Amino acid sequence: MDPAAQARATLDALHQVSQLLQTGLDRETLALCVSLTEMGANPEALAQVLKELRRIYPS
Amino acid sequence: MLGPPSQPSAKHQMDQGQPAKTETNKSDKSAAIHNAVARLVSIFARPNPAEPNKTRENTEEVTAFCMRILSSRIAPTAATDSNHVVDTIKKRLTRRDKSLKDALAFTSLCFTIDNSVTTFLSRSLFFIGELILSMQADLLDRRENPLDDAFAVNGLKSVRAMPEFPKLPQVFPDASVSLDDTETADPIPKYSNKPRGPCNGYYLIANTKYPSTDVDKMMHPSESELLRDIMYIFQDIDGQYIKFNPALDIFVLSDKVWVPPTTCENLRLLSEVGWLYRKVKSVVSSWSANSSASAEAEPRGRFNAFAPSAAVAASTHTMEEGLIRQGFCAGIQKELVKHFELIAQLENQFTKSMEPVGSEQNVPSSPSTEFSAKGLSLKRLLVWIHEPLQKLRLIQVLVDSSAGLRGGALLSMVHGYMNHGDPFVQELVEGLLKQISAPFFQMLKRWIYEGELNDPFQEFFVVEDANVEEEAMWRSRYTLKNEMIPSFLGRSVAKKCYLIGKSLNFIRFCCAEEAFVIQRSQELATSPSGLLEYGDMAALEKSVTSAYTSISAHILSLLFGKYKLMTHLQALKKYLLLGQGDLVQNLMDKLGADLSKPANSIMRHNLAGILESSIRASNAQHDDPDVLRRLDVRLLEVSPGDSGWDVFTLDYRTDNPISTVFPMQSMHQYMKLFTFLWRLKRVEHSLSVSWRKGMTEYTSFRNMADMRHYFHTSSIVLSEMIHFTYQLQYYILFEVLECSWTELNSYLMKRTGDLDQLIGAHNKYLNNITSRGLLAATASNNQNLFSMLIGLFDVILKFQTSLSNLVELAEERLMESKQRTSRDYENQFLDPRLNAKEPTNETLKDRISAEGANMDEIAKTYRADLQVILEALTSHADINLHGLRVRLDYNAK
């Protein structure tokens, strides 16, 4: 399996997990979050960012 | 905070089109991060289709804000182990959904992720997990307090143990917005209708952000002034600077005032007392019938508001909510009085602190003299108020959760807090519970001592249906209402209490033994153990149990002694289940003629007359005259074509106390059994009549060559049938009736249990007979068996008719041949030509052969039917019936 397909599969799995947990994150957002943590962002801070964004832009 | 460089290929994939640069230096990397954050923001800031013009107005600012958060030092929580993250998620899923479906799905997903993980992802994977987890935790936090969650099993709302120091508001935007928006921004709307309380522990808003130039222009109230305001707030009175804002449901510090942030924090914490008091008071007074009146009665004076409202309100509580609610109100009012006492003391301290220094020596000397000499300060107040605050919190939670509850349910709710781990809470709840449960125990006392239900508001766990006749009193007059059983009483004790009261009423009204009840209630009321109140549950249970045992024993002794229950049971077995053989035999002999008539031409009184003469002719005449008086004939509903056999049944009348044991339903069962047994008896009786007849008369037919064959086969079939009926009777009599009776008898001899158990035992006895006597309609198989048996009886009866026809024909033939012989003899002397064959002879012969064929046909049907029954018995689930099958089989194959 090439790395790209593998990454996509992993992202799929993560997306399903996030749906199970009812986080309300879509694929795109999740992908961005993954890349941000890849770059070393602190996940808890990132969660805080997402919460804030949700608060600022209530859908 | 920036981690080691990640692999470019992965980044390319993950960023979905992010320029794939190799991050070699730091600036490139931070640019990439900034880029990613900006994209993230833009996803969120996508124009809402409803409001297209509200586009990305401040995305720049927001991005900057997000970057700030990211670069802040929010430390990762201790656990950075991916197993831990996975476990925690699993636990949450399990708790949310008991079916484990989600948890299983999650486990399999974890497996997928694990398999596909390559080096580049392995590190960040559990970071993502944690990210999801912390978002999830946040969602959970919004829905319910983690403590709520912990108590959710018992349904207890949590009482916060320590004053929480609220988290500082987020840097962005400002505090007041975050106060307003946390609720509306809730992504899960179904939780947003939760009762709105102050958010994040805020009970007071103060604007602390002013340009320093403004501060000088504003008022700077002294601490004592603020203290005075706080005191007012404690009593739900607006102060000079702090006022209640009903729209926000929160206290607001006036805009014109500036206080230092630390003081502001103290004020916030203190204002919770006022807020809680306000809540409790408003709810409690809304329960009062004329809350407005009591509110007016409350002096509006500042420090004099010393709870005269308690007495007024307690006396005027609304009647709709019931006595228990009134008790609850009274208990809370008492606690509120204590609150006012506290305020009075505080006020005392406060005035002391205002007094000139000279009077300070009057303060009673104690180790803390030098402290108290300083009087009151906000900090000190904060410490002193700690315990009362806890109390108020608890009361507020109680008041909140009591909404909509009444009677026993309310008691259960309050009692639930006895399970709280905090001894302080337990103590308080116990005190309250004593107060609240007083009316309940009053009712309980009346119920178990006198059997009287004094419950004007339907709060007790027993409900009376006054329309029920005395006949059905035991069964349906009183019902137990499970939701009204207070949890401290327990199901079993409540059931016993219910039975005690019911038994008392039964004794009083059905057994006409009022004197016993009155005497008992007097005895118990004077005895020391008769005191009922909340507290010693073990003693209560003990006294209830002993009362229950004694009252049940009394009822049983009444039934068995005064009302001769045993005699009636025996009579039912004797007469309705055909235990008295000679009477049945006699009846069968005498009734036979009458019952063969069509059902609608039968007169009940004729049958009753026959019954009476049969009784006199049999051993039944020595039975109790009371029993014989109750025995009667009853004709079931006549449907066209029925003969007397189908509608005749014996009846046994019971009256009140006894009829409780024999309700309509049981009597129907008895009658059904009687019909079946009577039918069987009839078949057996008529078979034996035919057999007897055959034995005496067939010899005279021996010489008729063409008829001998018929009588020979008929004898064989007849003996098969007799075998069948005898075996069936034997089975029903010994294996069903007597076995069940022994079972019942051995239970009755013990004289234990209560009336319900007695009725249960009797029902079990009847059901046993019905099911094992092939009569039960439980399984379809059984139902078939019953109808098959009835069908077989009919076949047997048909066979008999055919046989007796044949016998008649044979007699006719015999008579004729006798006549012919004598005529022949005479004719010898007359004209020999007359000695010709007579035509009647021919028709008679035809009739005989037709009847014979008919009989053979019936015999065939009988054998085929019996075979079906035997097969059904072989496959029957009840092992006892297999023995019956073997016995019924004539040839014992």
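This is a predicted model: local features need pLDDT of at least 70, side-chain atom pairs count only at pLDDT 80 or more; totals for chains, interfaces and linings use all residues.
Which residues in H31(B) meet residues in H32(B)?

Helix H31 of chain B covers residues 705-750, and helix H32 of chain B covers residues 755-772. The two pack with their axes 9 Å apart, at an angle of about 170°. Because angles over 145 degrees count as roughly antiparallel, H31(B) is described as roughly antiparallel to H32(B). The crossing of H31(B) past H32(B) is right-handed. On the H31(B) side, the residues that meet the partner helix are B:Val736, B:Leu737, B:Ser740, B:Glu743, B:Leu744 and B:Tyr747. Facing them from H32(B) are B:Ala761, B:His762, B:Tyr765, B:Asn768, B:Ile769 and B:Arg772. Sorted by class, this contact holds seven nonpolar, three polar and two charged residues.

Another helix of chain B worth a look is H25, residues 581-595, which bends by about 35° at B:Asp589. Its buried residues are B:Leu583, B:Val584, B:Asn586, B:Leu587, B:Leu591 and B:Leu595. Among the elements of chain B that cover them are helices H26 (604-617), H28 (644-647) and H30 (664-701), together with strand S7 (648-652).

These helices belong to a chain with 35 helices and seven strands. Chain B has 893 residues, of which 31% count as buried. Of the contacts in chain B with a separation of 6 or more, 70% are between residues 24 or more positions apart.

Methods
Residues are numbered from 1 along each chain as its sequence is written. Chains are lettered from A and ligands numbered from 1 in the order in which they are written. The bend at a residue is the angle between axes fitted to the seven residues ending there and the seven starting there. Helices (H or I, at least four residues) and strands (E, at least two) are DSSP runs, numbered from the N terminus. A residue is buried if 20 or more other C-beta atoms lie within 10 Å of its own, exposed if 12 or fewer, and partly exposed in between; C-beta atoms are placed from the backbone. Two residues are in contact if their C-beta atoms, placed from the backbone, lie within 7 Å. Axes are lines fitted to C-alpha atoms, for helices over the stretch in contact, and angles run from 0 to 180 degrees between N-to-C directions. Angles under 35 degrees count as roughly parallel, over 145 as roughly antiparallel, 65 to 115 as roughly perpendicular and the rest as oblique. A crossing is left-handed if the near helix is turned anticlockwise from the far one by less than a right angle, and right-handed if clockwise. Ala, Val, Leu, Ile, Met, Phe, Trp, Tyr, Cys and Pro count as nonpolar, Asp, Glu, Lys and Arg as charged, and the others, Gly among them, as polar.
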